[in-house]
Amino acid sequence: MEFLEGDVKKVDSTIAKFKKNANYERLYMPFWVINTDIKVNKEKILGGKVMRFLKQEKKMAGNQNLYVCAADISADTVKEWNVEYTLRPPAIEADTDFHGVPRIPAWMENPDARKHAEFMFLRHETEISGTLQEIDYEFTINSHKLVYMPFYKNGNKYIPAI
């Protein structure tokens, strides 16, 4: 359940099955999956277009699911997961239950996740090759859901299990 726009609403959620085996502590990490339509109307980039092509740097454009970790974990740690899952979405096989595996609480509320998703798009555009001078874009959010992704924990390190 979430409190959104003055009402209590049910949150669509999915539990992803573990796909890798390891002898570490199992847990589930919550991610908001924000379905968007991103349309770049105009952008001005100085240099780097050839390098973008050579490095096969993928843009976030069109209909896109943006993954935003909802757990209270350092931004440096989740940044890599968010971009990786967004640019290369994992093949998720849904499970029906957590099977007693603990889950990290979803700390981030959906409105904040939407802002993080748009910020991730803009940061990605500025970090890929070239110098972004100007961008005019439309960022439309279609839907959202919570996906519990399987992880292993080894000490203070989290290891994706999908």
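Visitor: Is Lys79 to be read as buried, partly exposed or exposed?

Guide: Start with the scale. Buried means under 20% relative accessible area, exposed means over 50%, and partly exposed lies in between (1.4 Å probe, protein chains only). Lys79 has 30% relative accessibility, so Lys79 counts as partly exposed. This is a predicted model: local features need pLDDT of at least 70, side-chain atom pairs count only at pLDDT 80 or more, and totals for chains, interfaces and linings use all residues. Residues are numbered from 1 along each chain as its sequence is written, and side-chain values use heavy atoms, with hydrogens and water left out.

Visitor: Which residue forms a salt bridge with Lys79?

Guide: The general idea comes first. Side chains of opposite charge can pair when their charged atoms come close. The cut-off is a side-chain nitrogen of Lys or Arg within 4 Å of a carboxyl oxygen of Asp or Glu. Here the partner of Lys79 is Glu127, with the closest N and O atoms 3.2 Å apart. Glu127 lies in helix α3 (residues 110–127) and Lys79 in helix α2, so the pair ties together parts that are 48 residues apart in sequence. Glu127 is partly exposed, at 48% relative accessible area.

Visitor: How many salt bridges does the structure hold?

Guide: Four. One of them joins Glu134 to Lys42, with 3.3 Å between the closest N and O atoms. Glu134 is in strand β7 and Lys42 in strand β4, so this pair ties together parts 92 residues apart in sequence. Glu134 is partly exposed at 36%. Lys42 is partly exposed at 47%. Another salt bridge joins Glu93 and Lys17, their closest N and O atoms being 3.4 Å apart. Glu93 sits in the loop between α2 (75–87) and β6 (94–95), and Lys17 in the loop between β3 (13–16) and β4; they are 76 residues apart. Glu93 is partly exposed at 43% relative accessibility, and Lys17 is partly exposed at 28%.

Visitor: How many helices and strands are there in the protein chain?

Guide: Helices (H or I, at least four residues) and strands (E, at least two) are DSSP runs, numbered from the N terminus. The protein chain has three helices and eight strands. Their order from the N terminus is β-β-β-β-α-β-α-β-α-β-β.

Visitor: In which sense do β4 and β7 pair?

Guide: Two strands pair if DSSP finds at least two bridges between them. Strand β4 (residues 25–46) and strand β7 (residues 131–154) are antiparallel, with 21 bridges. For an example, find Trp32: its bridge partner in β7 is Leu146. β4 also runs antiparallel to strand β5 (residues 62–69), joined by eight bridges. There, Ile38 has Gly62 in β5 as its bridge partner.

Visitor: Is Gln64 buried or exposed?

Guide: Gln64 is found in strand β5. In a regular strand the side chains alternate between the two faces of the sheet. Gln64 has a relative accessible area of 10%, so Gln64 is buried. Contact means heavy atoms within 4.5 Å. Beyond its neighbours within four places in sequence, Gln64 is in contact with residues including Ile34, Asn35, Lys59 and Thr86. A polar atom of the Gln64 side chain lies 3.2 Å from the backbone oxygen of Thr86.

Visitor: Which residues have the most contacts inside the largest nonpolar core?

Guide: A nonpolar core is a set of buried Ala, Val, Leu, Ile, Met, Phe, Trp, Tyr and Cys residues joined through side-chain atoms within 4.5 Å. The largest has 24 residues, and Tyr28, Trp32, Met60, Leu66 and Val68 have the most contacts inside it. β4, β5, α3 and β7 each give two or more residues to this core. A second, separate core has 18 residues, among them Val33, Cys69, Met149 and Phe151.

Visitor: What share of the protein chain do buried residues make up?

Guide: 39% of its 162 residues. For contrast, look at Asn23, in the loop between β3 and β4. Asn23 counts as exposed, at 82% relative accessibility. Asn23 and Tyr152 are 129 residues apart in sequence, with 8.4 Å from C-alpha to C-alpha. Among contacts between residues at least 6 apart in sequence, 83% join residues at least 24 apart.

Key: A polar contact is a pair of N or O atoms within 3.5 Å; within protein, one must be able to donate a hydrogen and the other to accept it, and residues adjacent in sequence count only if both atoms are side-chain atoms.
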